[in-house]
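Hi everyone, thanks for coming. Let me put the structure up on the screen, and then I'll walk you through a few places in it.

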Amino acid sequence: MPYVVGIDLGTTNSLVAYMDGKTPRAIPDENGQVALSSIVAFFQEGLSEAVLVGEAAKERLVTHPEETVYSVKRFMGKGQEDLEADLKHLPFVFAGKEKEGIQIQIGEKTYSPPEISAHILRALKARAEKFLKTTVTQAVITVPAYFNDSQRQATKDAGKLAGLEVLRILNEPTAASLAYGLQKEKEGIIAVYDLGGGTFDISILKIKNGIFQVLSTNGDTHLGGDDFDRKLVNLICDEILKTHDVDIQTFPEVLQKARLVSEKVKCGLSSEDSVEIVLTLPDQKTQYKRQITRTEFEGLIQGLIARTIDSCRQALSDAKLEPSDVKEVVLVGGSIRVPLIKERVGDLFQREPHSELNPDEVVALGAAVQAQILSGAITDMLLLDVTPLSLGIEIMGGVVSRLIQRNAPIPTTAKETYSTQVDGQRSVSIHVVQGERELVADCRSLAKFNLTGVEPMPAGMPRIEVTFLIDANGILNVTAKDLRSGKETTVEVTPTYGLSDEDAEKMISTSMENAKADLEKRQLIESKNEAETVLRHTEKALVQGASLLDDAERTNIENAISDLKNAMSSGTHRELREKLSALDQATQRFAADLMSQSVQEALQNKKLSDL
Ligand code: AMP
């Protein structure tokens, strides 16, 4: 069975995990390290561009800060205006405001956050392939519960760029619960407190008969261990300015060094009562040295921790619960090693929090568990969330195109663009469905409506934008719009209407049992759809471009067509992909000639119209 890996794409560190039988394990690199620093360094090697990821890139943070990107997760799916507050802290430059998303300028080139994250994912994919001695093409990637659609989409894009099919974007707290196997609890409320390098999440989950339901989430996408480091960096900067009259903020290399030193000091203080801070000043001679105690450090960060505790209170109140209702507390993320955190969280919930599993690995381990569920090997672990079931529309071949994933925190919105299947189509029928199965026939039908007034064009040309919006009350608005004519139609449905908890649970459990078979069916239908489109175009082209083909080439293409048709009636998904690629090969030269012929014709027409 091919491995589906679980990936924790973290702000500070990223990990990849797999299932070793029934046990999830993080995959180490050749040095036995499981955490890969989420740092990407670019540089020129001769004429070509080279990229380093992880520890090697971390070293270049000090020597080449302008070409080294860290915490890229903060920029995923963001626009320039979202990040104004952060820009002054960052040594790397952002490309112009006119761009839609953030672009990071490295030398002459600009990169989008998904492109940079893709380097991290590629490194993890390569690590997994080396360790598992097989190619890895599918993954489950985790994101903070707070990620909105564009951030989730950016994460998916990064996966795609790295050559990974992202089977599911999974909320980090949900992954952590899976890693702890808390589905074995009969019933109870669980709080997952996740403080990583850059983000904080608190999720209040309800567990009943192996089913997780997220009652509420809260948190801060700008709060984490990096901020603890920053408090120490600020202390160092202030003291150096006072005692040595040097502003190290104007020396990027020294500032980066201060960051690294601060992180080390912080980690040291998790086990020691006192640690020495040592930093060489820009003159390369003088050393700034001082001892810092844990108590002094706790004084610096207590305000930040208090903010996380306030979030926990808010999440509890949103779920209409008291701290004493919480049966278990799970701590996740590297920063929970700071002893004051365990203490404060313990005080709030009046119980000792769980931290038995390695807090750095928990999320990746849970992602591996989810990956195994999707590959069909585990069927007894279920997840339920505020959006109890996924929502989507029917597309060609009776397949579901999912717009909103189950477990999405509401309110939420999602948008996809579709096209027509038949030339000259003037109306499009939209069938809204609910459920986890890949085929419409296995899902619950919620609504059907027609979008009329579509501008008639050849199949595949119109752009029909479908928007799903679930408001805070769980009401789903579906809008279909022809982007060319501007015509649009909206319907409103209540997805949970007439749906009991038992129904939802049953639908999910059946989907888990059938996940693998469904995925195979879906892949087969999708390949068939693609094959139909390719055949339609090729057969049209054979007529239009008949004069461009000699007998041998025509026979070659006709054979490839006939092989593809045979595979469509009896083949597997893999066989179809092979035959599609064979037909693509056979038609390559012909397609190029056809293209240049149409370009010449277009030019000729232009000349005629110029006359
Ligand atoms: P994560 O995003 O979950 O990988 O967490 C990374 C954060 O955990 C970084 O800010 C690290 O500095 C922090 N961290 C790792 N080990 C420790 C430790 N022993 N004490 C305090 N913070 C730590």
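Okay, let's start at the ligand: of the 15 residues around it, Gly197, Glu263, Lys266, Ser270 and Gly334 come nearest. "Around" here means that a heavy atom of the residue lies within 4 Å of the molecule. Before I go on, a word on the source: this is a predicted model, where local features need pLDDT of at least 70, side-chain atom pairs count only at pLDDT 80 or more, and totals for chains, interfaces and linings use all residues. Residues are numbered from 1 along each chain as its sequence is written, and side-chain values use heavy atoms, with hydrogens and water left out.

So, what does Glu263 do at the ligand? One of its polar side-chain atoms lies 2.6 Å from a ligand oxygen. Ser270 also brings a polar side-chain atom, 2.6 Å from a nitrogen of the ligand. With Gly334 it's a polar backbone atom, 2.9 Å from a ligand oxygen. I'm calling a pair of N or O atoms within 3.5 Å a polar contact. How much of the ligand does the protein cover? On its own the ligand has 500 Å² of accessible area, and the protein covers 86% of that (Shrake-Rupley method, 1.4 Å probe).

Who builds this shell? Helix H6 (225–244) and helix H7 (252–269) each give at least two residues, and H7 has the largest share, with 3. Helices here are DSSP runs of H or I with at least four residues, strands are E runs of at least two, and both are numbered from the N terminus. By class, the shell has 2 nonpolar, 9 polar and 4 charged residues; Gly counts as polar in this scheme.

Now the strands. E8, E9 and E10 make an open antiparallel sheet, in that order. E8 (93–94) and E10 (109–111) are at the edges with a single partner strand each, so one side of each has no neighbour in the sheet. Pairing takes at least two DSSP bridges, and E9 (residues 104–106) has 3 to E10. In one of the pairs, Ile106 sits opposite Lys109.

Elsewhere, E11 (residues 138–143) runs parallel to E12, with 6 bridges between them. Ala139 has Val166 in E12 as its bridge partner. Is E12 (residues 165–171) mostly covered or open? Mostly covered: 6 of its 7 residues are buried, meaning under 20% relative accessible area with a 1.4 Å probe, protein chains only.

Last stop: just after helix H3, Lys133 takes a positive phi of about 55 degrees.

Notes: Polar contact = N/O pair within 3.5 Å; in protein donor to acceptor, adjacent residues only side chain to side chain. Buried < 20%, exposed > 50% of the residue type's maximum accessible area, 1.4 Å probe, protein only.
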